[in-house]
Amino acid sequence: MIVCIPYEKHWTLDSVIGEEKVLLDELAVILMKLDPASARSNDILSAVAEACLNAFEHGNRLIPTLPVQVYMVVDDGGYCFRIFDEGSGFTPILSSIDRTDTQQKEARGWGLLIMRNLADRCECGRNDDHFYVELQFRRSE
Amino acid sequence: MEETFAANVRETGQTVIIDMSGDLSKSAHEPLLGLFNWETKKEDTCCIILNFSQINYINSLGIALLIRLTRKTERAGYQTFAYGISPHYHKLFLMVGLAEHMMIYPDEYSIMQRIETLNSL
């Protein structure tokens, strides 16, 4: 696989928990080729995983035939990921460990918290009737 | 692809050690929750040690599971320790407050030393 800047990649995932690992395995290789000395690769992998999990579970309601589309664009400035699902979006909820919510709500809250803390920028939006989460990471020097 | 989660229990002295492997995600919930009686303190057992050294992947679903577990162990009166956690996942544990509910050490030996010290006080 030849990887050089600028670089773009697209993945289509079934909405099944565990499918995000297919993307992560490929993304880890790409990150290693683009920025082998980067200390942020794990941050990128975890944040993208959480965005995918949110899309599977809360956007596409774990209906396997509904796809999650992931677009990555890399330039000298950094990495930009957009994760699209078929849902209507969400109101961001930040969980704390003292909440007595159900396990499902806790997992959702942690995922958003993780994305926001690991990414340099985390935004939501809509595009052609699809909801997306956008994650940006600056590239290390 | 997702690596199957597995866990087994080792008992030594007053300690129960949970050795885990694979991916700590949604599929780990049933095997881990059903592995051990987390809610009732076992006689002559003071501490639970979670061994993460063979865990390759943790996501928010796995973190939610760990939060449930540490709540149960706290209510039961156990002290919970953990080792084998990578710096990246240690960072995530700190982020969600999980590190306040389990004492994280570099390895099993250092935890055992700590438990021995606590018991001698």
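This is a predicted model: local features need pLDDT of at least 70, side-chain atom pairs count only at pLDDT 80 or more; totals for chains, interfaces and linings use all residues.
Helices and strands here are DSSP runs, helices of at least four residues and strands of at least two, numbered from the N terminus.

**Chain A as a whole**

Keep chain A selected and colour by accessibility. Of its 141 residues, 50% are buried. If you then draw contacts between residues at least 6 apart in sequence, 64% of those in chain A join residues that are at least 24 apart.

**Chain B as a whole**

Move to chain B, which has 4 helices and 5 strands, and follow the chain from the N terminus, where the elements run β-β-α-β-α-β-α-β-α. The radius of gyration of chain B is 14 Å, close to the 14 Å that the globule rule gives for 121 residues, so chain B is as compact as a globular protein of that length. Turned onto its principal axes, the C-alpha trace of chain B spans about 45 × 30 × 20 Å. Buried residues account for 48% of the 121 residues in chain B, and among its contacts between residues at least 6 apart in sequence, 70% join residues at least 24 apart.

**The interface**

Now show both chains and select the residues of each that touch the other: 28 residues of chain A are in contact with 25 residues of chain B. Together the two chains bury about 2,200 Å² between them, with 60% of that area on carbon and sulfur atoms. Between chain A and chain B there are 6 residue pairs in polar contact, both residues being at pLDDT 80 or more. On the side of chain A that touches chain B, the elements giving two or more residues are helix 1 (20-34), helix 2 (41-59) and helix 3 (103-118) of chain A. Of these, select helix 3 of chain A, from which the largest share of that side comes, namely 9 residues. Coloured by residue class, the side of chain A that touches chain B divides into 12 nonpolar, 6 polar and 10 charged residues.

**Salt bridges across the interface**

Side chains of opposite charge can pair when their charged atoms come close. Across the interface of chain A and chain B, 2 salt bridges are found. To see one of them, select Lys21(A) and Asp23(B), whose closest N and O atoms are 3.0 Å apart. What are the elements that this pair joins as it crosses between chains? Asp23(B) lies in strand 2 (residues 15-24) of chain B, and Lys21(A) in helix 1 of chain A. Is Lys21(A) buried or exposed? Lys21(A) counts as buried because its relative accessibility is 8%, under the 20% cut-off, and Asp23(B) is likewise buried, with a relative accessible area of 0%.

**His88(B) and its neighbours**

Next, centre the view on His88(B), which is placed in helix 3 (residues 87-96) of chain B and counts as buried at 8% relative accessibility. Setting aside residues up to four places away in sequence, His88(B) touches Asn42(A), Asp43(A), Ser46(A) and Leu118(A). Of these neighbours, select Ser46(A), whose side chain is joined to that of His88(B) by a polar contact of 2.7 Å. Then step to Asp43(A), which is linked with Arg40(A), Asp120(A), Arg138(A) and Lys91(B) in a network of salt bridges.

**Salt bridges within each chain**

In chain A, select Arg121(A) and Glu123(A), which form a salt bridge with the closest N and O atoms 3.4 Å apart. Arg121(A) is partly exposed, with a relative accessible area of 45%, and Glu123(A) is also partly exposed, at 35%.

For a last stop, select Glu108(B) and Arg10(B), whose side chains meet in a salt bridge of 2.8 Å, N to O. This pair links distant parts of the chain, with Glu108(B) in helix 4 (residues 108-120) of chain B and Arg10(B) in strand 1 (residues 6-12) of chain B, 98 residues apart. Arg10(B) is partly exposed, with a relative accessible area of 30%.

Methods. Residues are numbered from 1 along each chain as its sequence is written. Chains are lettered from A and ligands numbered from 1 in the order in which they are written. Side-chain values use heavy atoms; hydrogens and water are left out. Contact means heavy atoms within 4.5 Å. Buried area is the accessible area (1.4 Å probe) that two parts lose on being put together, summed over both. A salt bridge is a side-chain nitrogen of Lys or Arg within 4 Å of a carboxyl oxygen of Asp or Glu. A polar contact is a pair of N or O atoms within 3.5 Å; within protein, one must be able to donate a hydrogen and the other to accept it, and residues adjacent in sequence count only if both atoms are side-chain atoms. Ala, Val, Leu, Ile, Met, Phe, Trp, Tyr, Cys and Pro count as nonpolar, Asp, Glu, Lys and Arg as charged, and the others, Gly among them, as polar. Buried means under 20% relative accessible area, exposed over 50%, partly exposed in between (1.4 Å probe, protein chains only). The radius of gyration is taken over C-alpha atoms; the globule rule is 2.2 Å times the number of residues to the power 0.38.
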